[in-house]
Amino acid sequence: AQKQPGVGEEEPRQSSLAMQQVKGSLSCITPVFVWVLLLLLLAVSGLNENITQRAEKALSVFTVVKFPNTACASSTTGRNGTCYTSSECSAKGGTSSGSCASSFGVCCIFEKTCGGGSSSENSTYFTSSALSKGSSCGLTICKSDSTVCQLRLDFETFVLNNPVTSTVVTIATPVAANRIGSCDTDSFSVTVPGGKSPPAICGTNTGQHMYIPASDQCNVLNANIGSASTASTSAFTIKVTQVECTSKRAAPSGCTQYFTGSTGTIETYNYNAAAGVLLANQDYSICIRTERTYCSICYWSTSFKMSVPGGAVANGVLGVDTNCGAAGNVLIGNGGAFDHIVIPGGQCNTPPAAAIAMVLNDRYCGTALYCLGAVTTVTIAAAATDATVCSNQKPFKISVESDGLEYINNAANAEGVVGNNVGFSISYFMKTDCLTRPDM
């Protein structure tokens, strides 16, 4: 008889069958699991790549936001600034006023007053807000970069004590003289280590400017304020602009003032709409840029009071050539001939207003500005026939010279009278035609 399987024999057979089923299931599941795992790895890889790309894009945004530190218009009236980030502005001691660089930067204003130390920032404002009488008010300006060659000072407000206006005789011999135009109470000066400093000035010079050679040892702006001064804490606001050597705004070497445009008006320091007096001990040059297509320049004036050679009315009107620039009373008996201007190669306009024989001349003084006509070997015979002085010589330039004494012989007509010592306001215009040079 065949033996029937028992319970003990049936269980191994069932276990074996279960193992076969599991193996079959695993053989089906394994490829699916691998594919799922691969998809997960790819997804993670794509996520990492996406994160990397986002980071790179974020970095590229910061790269685009970088901006130059150029001049900007602030939201403060009458102030320009430099475009910096907010943190840079704060670190440099500036004050943010408005935005720039598409609002990624702030327009940073730099303002210093008496005892403010130093500044190397472009568009620094030097003010008298901390001014006290009987003391000096100074600021040191250093180059912002080695490419800077000049400093331009714009006197947005400048009202210091007037120079001497008293006609009291201070020197009796050899010829009576006074000190009209001397900056005895207040004065403003600039140091130029290794170069020529501009003349000291005082009085009213709002709207005037100066160009200063930028020194590697820095420049010091200094206002000396007398104890009897009438100057207040709002006496001056001076904008200091740093001018690079290659800038179109750079003035020719040796020019204290620099004007542009084919027409314009230039005035002596402290002219003050003819209410001031010519400052003493001036020695500087005013240059005018030669505009395109222009060959010559002409000057004319209805307010020209530089000196009165010999205290003679006739010489005052005919203040040209050897009558001008003579120090003391050696060449001109009563003195009063030194204060003058220099116009290189000056001559009458061509064609002249009158039929005269023209003569080249550089020096002009007296109480009126005229070109020089025919001369004799002794005296001026027929000058003062044309109130326009022109020149072909470039660069176009007028130099201003004055001494420290004003002679008062022939008192009513002398240069030591305030009305004869005002300085000048000269207008100019350029011509495309070159001048016909006179036969010499």
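Which residue in β12 does Gly138 stand opposite? It's Asn222, and that pair is a handy way into this predicted model, where local features need pLDDT of at least 70, side-chain atom pairs count only at pLDDT 80 or more, and totals for chains, interfaces and linings use all residues. Residues are numbered from 1 along each chain as its sequence is written, and side-chain values use heavy atoms, with hydrogens and water left out.

Strands here are DSSP runs of E, at least two residues long, numbered from the N terminus. Strands β7 (residues 135–141) and β12 (residues 219–225) run antiparallel to each other, paired over seven bridges; pairing takes at least two DSSP bridges. Step back, and both belong to an open, mixed sheet of four strands, ordered β5-β7-β12-β10. At its edges are β5 (118–119) and β10 (187–190), and each has a single partner strand, so one side of each has no neighbour in the sheet.

Now for the inside. A nonpolar core is a set of buried Ala, Val, Leu, Ile, Met, Phe, Trp, Tyr and Cys residues joined through side-chain atoms within 4.5 Å, with buried meaning under 20% relative accessible area (1.4 Å probe, protein chains only). The largest one has 58 residues, and Leu153 and Phe188 are among those with the most contacts inside it. Strand β8 (residues 148–158) gives the most to this core: five residues. Phe188 touches (heavy atoms within 4.5 Å) a list of residues including Leu153, Phe155 and Asn222, leaving aside those up to four places away in sequence.

Last stop: Asn178, in strand β9 (residues 177–178). Asn178 counts as buried because its relative accessibility is 0%.

Key:
Buried < 20%, exposed > 50% of the residue type's maximum accessible area, 1.4 Å probe, protein only.
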